[in-house]
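Please keep the sequence and the model open beside the text.

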Amino acid sequence: MPDAPHTVESLLRGAAAIDRVDAEWLLAHALGQPRSWLFAHSADPVPADLAERFKVLLARRVAGEPVAYLTGVQGFWTLELEVTPATLVPRPETERLVELALARIPIGVVARIADLGTGSGAIALAIAKERPLARVIATDASAAALAVARRNAARNGIGNVELREGDWLAPLAGERFDLIASNPPYIAEGDPHLDQGDLRFEPPSALSSGADGFDAIRTIIGAAPMHLHDGGWLLLEHGWEQGAAVRALLADAGFTDIETARDLEDRDRVTLGRWGG
């Protein structure tokens, strides 16, 4: 006697090895439907080929692959972004960096903004969408990441972002900005977390930076004064234990009005400072 056909709910119940929400995203992707569709169709039968597609995705998620890489998309701010293994998966805590940047870019004012190490373009595109008069220049050393960012700009209809290939501020020679933002790599090389969970699948160069995790941060802070207008801001996302060290680096470089902002879990997340002014 043939097995009874799978239903939406039976497949989700059988995915207990992963988080329920993750399972819903994967099943919706396998079925070619929005996640909201699942709730009204929980008793619907699922064709065998689509059930098998879901099971393959489920096995890959159990092995640790990020859901965003499996579905190819990730929500960030008000955007839907393509992500690939060439880019970090945009995380909710990075929206704190966007909030802090927008608070320092007046609405209706022409401004020049730089986003360093843009990856999927998440930060640059979120700022550009909210401040359409701003010109946002986003840099990345990875041509593959910039290709993803370029597609995301087109996908979201955002035209005030320019993408440039190069390391941190190198593509910005001779230019100054009102605000520079970055979510650089900040994990120490050899940190055991790099061999755990989702991080195993993300690009190492976007995660770790030197023996103490501060190489990229030091490079950015050292070069930023040559690229900021008087009174311009530098905002850096970092690890939850790095706030004091980043504040010290900014102070040593001559920045003022230095502060560290916390994320929704009350952890140090973004440190910022003003140049001159």
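In what follows, Ala, Val, Leu, Ile, Met, Phe, Trp, Tyr, Cys and Pro count as nonpolar, Asp, Glu, Lys and Arg as charged, and the others, Gly among them, as polar. With these classes, the lining of the second largest pocket divides into 11 nonpolar, five polar and six charged residues. The model is a predicted one, in which local features need pLDDT of at least 70 and side-chain atom pairs count only at pLDDT 80 or more, while totals for chains, interfaces and linings use all residues. Residues are numbered from 1 along each chain as its sequence is written, and side-chain values use heavy atoms, with hydrogens and water left out.

**Pockets**

- The volume of the largest pocket is about 1,100 Å³, where a volume is the space filled by probe spheres set on grid points that are joined across faces, edges and corners.
- Lining the largest pocket are 48 residues, of which L88, P184, Y186, A206 and L207 lie nearest its centre; the lining divides into 22 nonpolar, 16 polar and 10 charged residues.
- Strand 3 (112–116) and helix 7 (122–130) each supply at least two residues of that lining, helices (H or I, at least four residues) and strands (E, at least two) being DSSP runs numbered from the N terminus.
- The second largest pocket holds about 500 Å³ of space, and of the 22 residues that line the second largest pocket, W25, V67, A68, V73 and Q74 are the closest to its centre.
- Helix 2 (20–31), helix 5 (67–71) and strand 1 (73–76) each give at least two residues to the lining of the second largest pocket, with helix 2 giving the most, five residues.

**Buried helices**

- Buried means under 20% relative accessible area, exposed means over 50%, and partly exposed lies in between (1.4 Å probe, protein chains only).
- In helix 6 (residues 95–102), the buried residues are L97, V98, L100, A101 and L102, and what covers them includes strand 1, helix 7, strand 6, strand 7, strand 8 (256–262) and strand 9 (268–275).
- In helix 9 (residues 215–223), A216, I217, I220, I221 and A223 are buried, and their cover includes strand 3, strand 6 (177–182), strand 7 (228–237) and helix 10 (243–252).

**Charges over rings**

- A charge sits over a ring if NZ of Lys or CZ of Arg is within 6 Å of the ring centre and within 35 degrees of the ring normal.
- R104 lies over the face of W233, at 4.8 Å from the ring centre, and the charged end of R112 sits over the ring of F177, 4.7 Å from its centre.

**Buried residues and their contacts**

- Contact means heavy atoms within 4.5 Å, and the contacts given for F214 leave aside neighbours within four places in sequence.
- F214, in the loop between strand 6 and helix 9, is buried at a relative accessible area of 11% and is in contact with S209, Q242, A245, V246 and L249.
- E175 lies in the loop between strand 5 (161–165) and strand 6; E175 is buried, with a relative accessible area of 16%, and, not counting residues up to four places away in sequence, touches R112, I137, R164, M226 and H227.
- D268, placed in strand 9, is buried with a relative accessible area of 14%, and beyond its neighbours within four places in sequence D268 is in contact with H238, G239, W240, G243, R247, T260, A261 and R262.
- G64, in the loop between helix 4 (48–62) and helix 5, counts as buried at 8% relative accessibility.
- Although G64 and D198 are 134 residues apart in sequence, their C-alpha atoms are 5.5 Å apart in space; not counting residues up to four places away in sequence, G64 touches G197, D198, R200 and F201.

- W77 has a positive phi, near 55°, and is placed in the loop between strand 1 and strand 2 (79–82), where W77 counts as partly exposed at 25% relative accessibility.
- W168 has a positive phi, near 50°; W168 is found in the loop between strand 5 and strand 6 and is buried, with a relative accessible area of 14%.

How values were computed
1 Å grid on protein atoms, 1.4 Å probe; cavity = no way out; pocket = protein on both sides within 12 Å on 5 of 7 lines; lining within 4 Å.
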